[in-house]
Amino acid sequence: MPSKKALVRRPSPRLADGLVTHIEREKVDAGLAREQWEAYVETLRAHGWETIEVDPEDDCPDSVFVEDTVVMFRNVALITRPGAESRRAETAGVEEAVARLGCSVNWIWEPGTLDGGDVLKVGDTVYVGRGGRTNAAGVQQLRAAFEPLGARVVAVPVSRVLHLKSAVTALPDGTILGHIPNVDRPSLFPGFLAVPEDAGAHVVLLGGGKLLMSASAPKTAELLTDLGHDVVTVDISEFEKLEGCVTCLSVRLRELYV
C-alpha cells in the first residue's frame, strides 16, 4: 500500500529570529507557535498520517520549515542545499530520517541551491521555481535526479514571493491554485484557479478528498467548499509571520511501499 508518513520538526526556541524576505518583520510569539505546531501535527495524525519527528535543530531558527530540506519523488529523497547559507545545517537530521525509512538518497551539490518549498509535484510533473533560493544549477541537478525516474520537470520563474509554493499549490485533480498578485506567469499552469487570499493558495492534500488550509483564508475555504472540496483549517499565524504556510511544516511521503 502507498504510505502516509509525514516528516515534521518541532520549532526552534529561536524561531522569532527566522529569515524574512518579502514581508515586514512582525513579533513572533514562540509559545503560541509551539501550540500551533502541535495542533498542526495532531491534525495530520487525525487524518491518518504517521508523523515522524526529525531531530530538532535548536540553533537553526527556520528549522521547523522542514519541507525546504528534502524533495521526494517516488522513494527517492533529494537532500537539498538551501539557498540561505544559515539553513544548510538543517539537512543532516533530515537525511538521517529518510535513510532510516529506506529511501534512496541523492543530494544537491555546490554550486547548486534548491529549497524544497520551490518544488510542486502534480502527478509526474515536477514544477520547480527558479528564484531567490533556488538557482539554475539546482534546477539542473533536480532534473538529473528525477527525470530518469519518469518525472517531467518544468522550471518556472519566481520573483514575487519566497518560494514557488508560496504562490501556488495543487488540488487533487491537478488544478493549480494561486493568488494572482503572487504568481509570475499564471499561464504556465494548466487549469489555473485564482483565489482571493494569499494563504488561499496553499493546500496540503490529506487524502480522502480532504484539504488542509490555513484559517487565515476563509474566503478561499468557502470557495473550495462550494466547489465540493472538504476543507480542514489550522491556525498557523505565527509561522505566516515568517513566510511559512501549511506545506512548509511537513514533508509528506506518499510513495514508500510498506
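Trainee: Is Thr247 buried or exposed?
Mentor: This is a predicted model, in which local features need pLDDT of at least 70, side-chain atom pairs count only at pLDDT 80 or more, and totals for chains, interfaces and linings use all residues. Residues are numbered from 1 along each chain as its sequence is written, and side-chain values use heavy atoms, with hydrogens and water left out. Buried means under 20% relative accessible area, exposed over 50% and partly exposed in between, with a 1.4 Å probe and protein chains only. Because Thr247 has a relative accessible area of 1%, this residue is buried.

Trainee: Which residues does Thr247 touch, not counting those up to four places away in sequence?
Mentor: Thr247 sits in the loop between helix H6 (237-240) and S15, where helices (H or I, at least four residues) and strands (E, at least two) are DSSP runs numbered from the N terminus. With contact meaning heavy atoms within 4.5 Å, Thr247 touches Glu67, Lys165, Thr169, Val203, Val204 and Arg252.

Trainee: Which residues lie nearest the centre of the largest pocket?
Mentor: A pocket is an open set of points on a 1 Å grid over the protein atoms alone, where a 1.4 Å probe fits, with protein on both sides within 12 Å along at least five of seven lines, and lining residues have an atom within 4 Å of a point. The largest pocket has 34 lining residues, and those nearest its centre are Lys121, Val122, Leu205, Arg252 and Arg254.
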